[in-house]
Every structure is written in structure tokens, then in C-alpha cells.
Amino acid sequence: METMKSARKYDTEEPGSDLSEQIKAATKDTHIRAENTELMLSYQKGEVTLLQYKVLLCSLYEIYKALEEELDRNSSHPAVAPIYFPQELARLESLERDLEYFFGSEWRKRVIVPAATQRYEQRLRQVGRENPGLLVAHAYTRYLGDLSGGQVLGKITQKSLGLSSKEGLSFFSFPGVTSPNRFKQLYRSRMNSIELTEEEKAKLLEEAVASFEFNIQVFDDLQKMLSVTTETVDQSKNNIVNFPSSPIMQFTVGLCVALATIGVGIYAV
């Protein structure tokens, strides 16, 4: 019953319209909410900080690691194969270069992510195991979003952080894509060619909305993490460090203090 309710919830008025258009319509509200999170508003205002960029890179690394490993593992799946473009779209190696630039050769030991990132990662792993076709929704919302705003966000990040070169900004670069607009047309065309039943399509639209919700939760958790970091650093400057009594909060504050000390010098998205 719940599945059918979900399917009806994401029915479109034009059942014959392209899948890409249906995803765009279904995710319109959550897309707007994602763009209006505090972290993303900082980007739009050109006010992204080094620490914001660093913690965001850490989360993006874990998200793309899960997404790309599951896409690789399911590359021959009939729904995944048409939109599988590892040479053109893969972000993992770019993120690894950026993390090494900002955190040094031991960066893997310094990656810190909030609970929302872990939930997002777990969902990607679950989808890859149980229903690989739903990876199409996550790939579409992540890759096409990054490809659409990559160059603009890269320039904003470089200017905001005062970076003199493109080092640390590999995430925004797609060297395998010569024309983003033409490639997006190709990608949408391939995605629209995927054969789905109405129930499968409804689940995919639902998953696309969920992917935006996961991103919103990640942005909100990162901002909370940064707020705790700033508060803790300010208190430590005044020698007034009052650690919360909750073990979870103590752990969070500990991570944030570590992040602050690691990242007094570099970051961006």
C-alpha cells in the first residue's frame, strides 16, 4: 500500500513526458530548499570560508565514494548502463587530489563527516545492493548539478578563499566534458531511453526527491558542526571550554576541535 501511495504521489499530469522532465518537476521544491540552506547561501553570496569548504569536501568524498563504487559494481545493469560515464563524470580522484592539497598526504586520517553524510552513504550502498535502478536518481541529481554549477562555483570558491591557482579546485573541473550543455543533453537522452514500468518510475522519482533531502540534511549537519567548532574555538580563546555532558556531543565537539586545528589554513565547494 505504501509503495502505491508513493507512486501516486509522484504521478505526473503528462505520463508520456521525459523522465528527466519528471524528475525536474518532482524535485523542484526540495531543490529550492537545498539551494537555500545556510551553507549554500554562503556560496551564492561569495562568502564561503576555508573551513566550510574543507568539511564539505570531506562529505563529498564519502558520498561520491559510495555512489561511484556502486555505479561501477552495477555498470551492466539495464538502468545504469545508459548513464554510466566514468571517464567524463567520475569525481572521486578529483576529490582525493583536493583533499591531499588541503590536508596533506595523511588526509585519509583527517576526513571527518557528520551523521547525515553517513546516512546518505548507507542509502547509496543499500540502493546499489537491493535496487540498482534507483542509482539513476542519485547520479542525475549529483552529477548534472555539479556539471551545471561547477565552473561558476569553482570561480566563487577560488575568489572567496583567495587561491592563486586551480589547486584544490579539481572537484569543479570536468576535463572529459568539452561542452557541458551538449553533454547534459546526451545524458538526459540516455536517461530518457531507460525502460521503466510506471511503478519503477514512481520509485525513481521518489528516490530523486530523497536524494535532495539527503543533501539538505548533510548541508544542515555540516553547518551545525561548524557552529559548534566556532563556538568551541571562541570559548577556548577565553579559557572557557565547557564541554557538553552528552557523550555524543562530547564526541562531536572533539571532532570539530580537531577540524578547526587541522584547517586553520585551507578549503572550498
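Residues are numbered from 1 along each chain as its sequence is written, and side-chain values use heavy atoms, without hydrogens or water. Because the model is predicted, local features need pLDDT of at least 70 and side-chain atom pairs count only at pLDDT 80 or more, while totals for chains, interfaces and linings use all residues.

Two packed helices are described by the angle between their axes and the distance between the axes. Helix 5 (residues 50–73) and helix 8 pack at an angle of about 0 degrees, with axes 9 Å apart; here helices are DSSP runs of H or I with at least four residues, numbered from the N terminus, and axes are lines fitted to C-alpha atoms over the stretch in contact, with angles from 0 to 180 degrees between N-to-C directions. That makes helix 5 roughly parallel to helix 8, a term for angles under 35 degrees, whereas those over 145 count as roughly antiparallel.

Helix 9 (residues 135–161) and helix 10 (residues 180–192) give another case, for their axes come within 11 Å and cross at roughly 170 degrees. Helix 9 is therefore roughly antiparallel to helix 10.

Just after helix 9, Gly162 takes a positive phi of about 65 degrees.

Finally, the whole structure holds eleven aromatic pairs, meaning rings of Phe, Tyr and Trp (its six-membered ring) with centres within 6.5 Å. Tyr120 and Phe214 form one that is stacked, with 5.3 Å between centres and 10 degrees between planes; stacked planes are under 30 degrees apart. This pair links Tyr120 in helix 8 (residues 115–130) with Phe214 in helix 11 (residues 198–237), 94 residues apart.

Key. Helices (H or I, at least four residues) and strands (E, at least two) are DSSP runs, numbered from the N terminus. Angles under 35 degrees count as roughly parallel, over 145 as roughly antiparallel, 65 to 115 as roughly perpendicular and the rest as oblique. Rings of Phe, Tyr and Trp (its six-membered ring) pair if their centres lie within 6.5 Å; planes under 30 degrees apart count as stacked, over 60 as edge-to-face and the rest as tilted.
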